[in-house]
Amino acid sequence: MGRDHPDADLHPEATGLAAATVKAHSAPHALKLYSGWFCPFVQRVWIVLEEKHIPYQYIEVNPYHKPQSLLDLNPRGLVPTLQYQEKPLYESAVLCEFLEEAFPENKPRLMPEEAYQRAKTRIWTDFVTSRVIPAFHRFLQCQGGGEEVEEKRREFLSHLKEFTREMDETGPYFLGSEFSLIDVIIAPWAIRFWVFDHFKGGLGRWRVWLAAVEQRKSVIETLSEREHYLPIYQRYADDKAQSELAKATRAGKGVP
């Protein structure tokens with residue numbers, strides 16, 4: 001897959017504070033994160049690594065020239081992929097929980113200790129992946145006007161409202177005063193809600209929660225400069241993106 005691919009002109013590397021984070025983790029290490037600076041699924045795992053101060057090596061992947069080292073680990077060539085003790089692991093939500101379990105001495109703990117709260121975290125993690133993210137993309141990729149785009153806006157907002165109703169009343173985070181895994185799971189999309197202001201005439205925000213999440217050091221330092229995200233989301237807004245998620249959205253499916 002070469003430069004003639006319609007998505008091939010994306011910016012090649014992280015920028016801003018994320019570039020400094022990449023540089024700080026460029027040295028060889030047994031734990032390797034195969035990453036794409038632009039990918040919100042990657043940012044989930046990246047935030048966990050940064051929150052818990054787990055040593056790792058960051059490896060930027062060009063999605064149109066995938067290294068053989070990645071393909072040997074994950075034949076689909078998708079990011080994030082983690083190499084742990086020479087073995088492959090993938091799927092972002094799985095990786096986030098794995099890092100909690102594999103590095104129990106690294107703090108903070110992002111999964112609640114109490115069994116009910118852990119189950120609640122898993123329920124709403126699934127809700128984000130199966131409901132919120134597909135609705136995000138259906139709204140962003142909608143090419144209709146008037147009632148069609150308003151329908152997609154209402155669908156997206158209805159999922160956000162359902163999610164918000166389950167938040168701790170005082171917050172600022174989903175489960176209360178402590179940043180936890182469910183905040184990590186949705187944060188990469190929430191901090192990209194500006195794309196709806198840019199492409200779809202606005203959306204509004206969950207002000208208390210989002211203000212808290214946007215200030216997390218791990219979130220800030222895994223985020224690149226906005227100008228380099230714009231061309232990527234322009235292709236989604238024009239419904240021309242060719243990522244696996246874009247194609248699944250176009251086909252009426254969920255997260256692949």
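**Notebook: two domains and their contact**

I looked up the domain assignment, an automatic or database one, and found domain 1 (16–102) and domain 2 (115–251) in the protein chain. I note that the model is predicted, with local features needing pLDDT of at least 70, side-chain atom pairs counting only at pLDDT 80 or more, and totals for chains, interfaces and linings using all residues. Residues are numbered from 1 along each chain as its sequence is written, and side-chain values use heavy atoms, without hydrogens and water.

**The contact**

I noted 21 Å between the C-alpha centres of domain 1 and domain 2. Domain 1 brings 20 residues to the contact and domain 2 brings 28 residues; contact here means heavy atoms within 4.5 Å.

I then looked up the buried area (accessible area, 1.4 Å probe, lost by two parts on being put together, summed over both). Domain 1 and domain 2 bury about 2,200 Å² between them, with 63% of it on carbon and sulfur atoms. Of the area that domain 1 buries against domain 2, 29% is supplied by Trp37, Gln43 and Arg44, more than by any other three residues.

**Salt bridges**

I found two salt bridges between domain 1 and domain 2, each a side-chain nitrogen of Lys or Arg within 4 Å of a carboxyl oxygen of Asp or Glu. I also looked up Arg122, which forms a salt bridge with Glu97, with 3.0 Å between the closest N and O atoms.
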